[in-house]
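Student: Could you walk me through this structure? I would like to start with the overall picture and then go into details.

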Amino acid sequence: MASTITMDTDFVSELRNAARECTDRRIIMAEKWSSELLLSIPASKRASKQNLSHLSEFSTSTPARSASPRKTTSFADHLPTVSQPLTHDSVPMTPLHRQYSSDLLSRSNNLHALESGLECEDDALFAAHACFDAREFLRAAHILQDCKSEKAQFLRIYSQFIAAEKNAQIDWHKLDSNRHQPSIPINTSLNDLLLSVKDSNDPWLLFLKALFLSRLSRREEAIESVMLSIAGFPWNWSAWTLFGSCIGDGEELQSLLHLLPLPIYHPLVQMFQIKTMSELHNPSEHELGLCDRLLSADFFPGSLWLMSLRACVLYHLHEFPQAEMQFERILAMDPYRIDDIDVFSNILYVTGNKIKLSRLAHEFLALDKDRPEVCCLVGNHYSLLSHHEKAIKYFRRATQLDRTYLSAWTLMGHEYVEMKNSHAAIEAYRRAVDVNRKDYRAWYGLGQAYELLSMHHYALHYYQHATALKPYDVRLWQALAMCYEEIGRLREAVECYKRALITADPHEITIKMKLAKLHLSLGEHAESAAYHRRIVEVCQADARPIQDYAKSSLEVAEYEIQVANGDLLLAKDYLEQVAASNAEEVGRAAELLKTVKARIESGEKE
């Protein structure tokens, strides 16, 4: 099924056209995405199709003609030759000629009026583009106020929206350090802007409609509008990005994929799936396989965007060495690419690679110090050196450059936790939640901050949010279990630790030890002994030192001694191993071993 879509003439033409259309409308992100993706197609495929695409554009701008055109009467056929003087005598004006000439003259005038109107709109668009690029958004909108084309309407409304966003940001920052400051800037023009595109069927104006609905928290309506926009023009990547931001979890994504106007194996759908699952911090090996398919020679073998997306998937799968290698390859191909450099810095931070992180920070700080990703990179560099104040300075700078930059708010919160400043950490994490309620890291951070304040019921609430967003993260379930322990709800703690075991490393013993202790506290001795026995078996299989499982060996032995019809031979075997070692439990093991041997001997005599 996947093989039914190939890189043909239409495919390349559509992508090239998307770059032009996004450029005309100044949708910068989609323009950059489509143009970079076009360049990633091998030059031989692009070059062989370029002339064909121009011919296609020419043919679609003229009326269709039959293969064997018949001779038709034209306006030139009724004109005198140049040598003939234009007099009433040279052109006999019969009633039929007068009517025909009048019709032709009327059509010619209409055509000239239409062409004149289009030229005037083109002139206005050129001027509006110049103002937009100079960030004079209201002026651009003013220039286009009398234009009727859908392209001009889009740019006018989009310019008004950006100007309104800019004013909302200014008003919001006026309330900095004020308790009356709302959690996010409030754009009061959204309802008026929505009315201007309410009844439009143009895919680009439908995209704006979805954007306004999303900002007004009308999620279901936004999803409907953006899907209609994608159906009308599939190659607007900003529409796909907006669509992804409206999706709550992986299950909802899977249900919506089948409603899209494109087949599920289309490259656009697959790129959307990978990107959305990555944004939800929940990609799988399936998404990694889709990346490899899209990077094959059949599609976009040189796409740095897809390579970066693949590196992000590996990062979320905790395949840090492979993710690092992928980012190294990207920088070797384009040393000036800043996109996702913050994710690369996260990988180097987690692996503790101080030298490489330091080199990267210095290189990119010199390249562009005013990009939020670079500020985040430098912040990670200082955090790894335990210079928490300097790290916070750069993370804050990133949020000043982009208020919606989620990673910076979250990492700032982590730094405050390291400094034991719980109140500042809570404020940073709350800002992260305001930006994106689907990011588990901010909810987990809030739980940690409230635990530092010994407010375990509050922490419990935030940990529950985090586990709902990322249900297969062992660390989150452990944090939730420890929180339940603190408030004395041991049964719930047991369930959380069992949930953590599902995706934990099979050779991990810490969670099993916790479960053994909790079952013992609940008076469930058989369950406790079963977990201790698993610990012994795992440690022996991994050839670990006896000190790692001596206590568990004793617990199993004691249980077998005390229970009716216990396995005394197993107890004897475990105790002999401990008694012959240099573990702390040697004395206790020797005493129990005597008891076990006596019980075995008495049983043999009977």
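**Overall picture**

Tutor: The protein has 30 helices and zero strands, where helices (H or I, at least four residues) and strands (E, at least two) are DSSP runs numbered from the N terminus. This is a predicted model, in which local features need pLDDT of at least 70 and side-chain atom pairs count only at pLDDT 80 or more, while totals for chains, interfaces and linings use all residues. Residues are numbered from 1 along each chain as its sequence is written, and side-chain values use heavy atoms, with hydrogens and water left out.

Student: What percentage of the 606 residues is buried?

Tutor: Buried residues make up 46% of the 606 residues; buried means under 20% relative accessible area, exposed means over 50%, and partly exposed is in between, with a 1.4 Å probe and protein chains only. The accessible surface comes to about 31900 Å², and 53% of it belongs to carbon and sulfur atoms; such areas come from the Shrake-Rupley method with a 1.4 Å probe, and for residues only the protein chains shown count as cover.

Student: And which residues have the most contacts inside the largest nonpolar core?

Tutor: They are Phe212, Trp240, Phe243, Met271 and Phe300, in a core of 158 residues. A nonpolar core is a set of buried Ala, Val, Leu, Ile, Met, Phe, Trp, Tyr and Cys residues joined through side-chain atoms within 4.5 Å. Helix H14 gives the most to this core, with ten residues. There is also a second, separate core of 24 residues, which includes Ile509, Val538, Ile561 and Leu570.

Student: What does methionine 271 touch?

Tutor: Not counting residues up to four places away in sequence, Met271 touches Trp33, Leu37, Trp237, Leu294, Phe300, Trp305, Leu306 and Leu309, where contact means heavy atoms within 4.5 Å.

Student: Okay, new topic: how much space lies in the second largest pocket?

Tutor: About 1100 Å³ lies there. On a 1 Å grid over the protein atoms alone, a pocket is an open set of points with protein on both sides within 12 Å along at least five of seven lines, a cavity is a set of points where a 1.4 Å probe fits but cannot get out, and lining residues have an atom within 4 Å of a point. Grid points are joined across faces, edges and corners, and a volume is the space filled by probe spheres set on the points.

Student: Which of its lining residues are closest to its centre?

Tutor: Of the 29 residues that line this pocket, the closest to its centre are Tyr315, His318, Tyr440, Asp473 and Arg475. Helices H14, H16, H18, H20, H22 and H24 each supply at least two residues of the lining, and the largest share, six residues, comes from H20. The lining divides into twelve nonpolar, eleven polar and six charged residues; here Ala, Val, Leu, Ile, Met, Phe, Trp, Tyr, Cys and Pro count as nonpolar, Asp, Glu, Lys and Arg as charged, and the others, Gly among them, as polar.

Student: What about cavities, how many are of 30 Å³ or more?

Tutor: The structure holds one cavity of 30 Å³ or more, and the largest cavity has a volume of about 30 Å³. Its lining consists of Phe327, Ile330, Leu331, Arg337, Asp339, Asp340 and Ile341, and helix H15 (residues 320-333) provides the largest share, three residues.

Student: Where is proline 301 found?

Tutor: Proline 301 is in the loop between helix H13 (285-294) and H14, and proline 301 is partly exposed, with a relative accessible area of 29%. Proline 301 and serine 40 are 261 residues apart in sequence, yet 6.4 Å apart in space, C-alpha to C-alpha.

Student: Last one: what is the phi of serine 217?

Tutor: Phi of serine 217 is near 65°, a positive value in a residue other than glycine. Serine 217 lies in the loop between helix H8 (203-215) and helix H9 (219-232), and serine 217 is exposed, with a relative accessible area of 65%.
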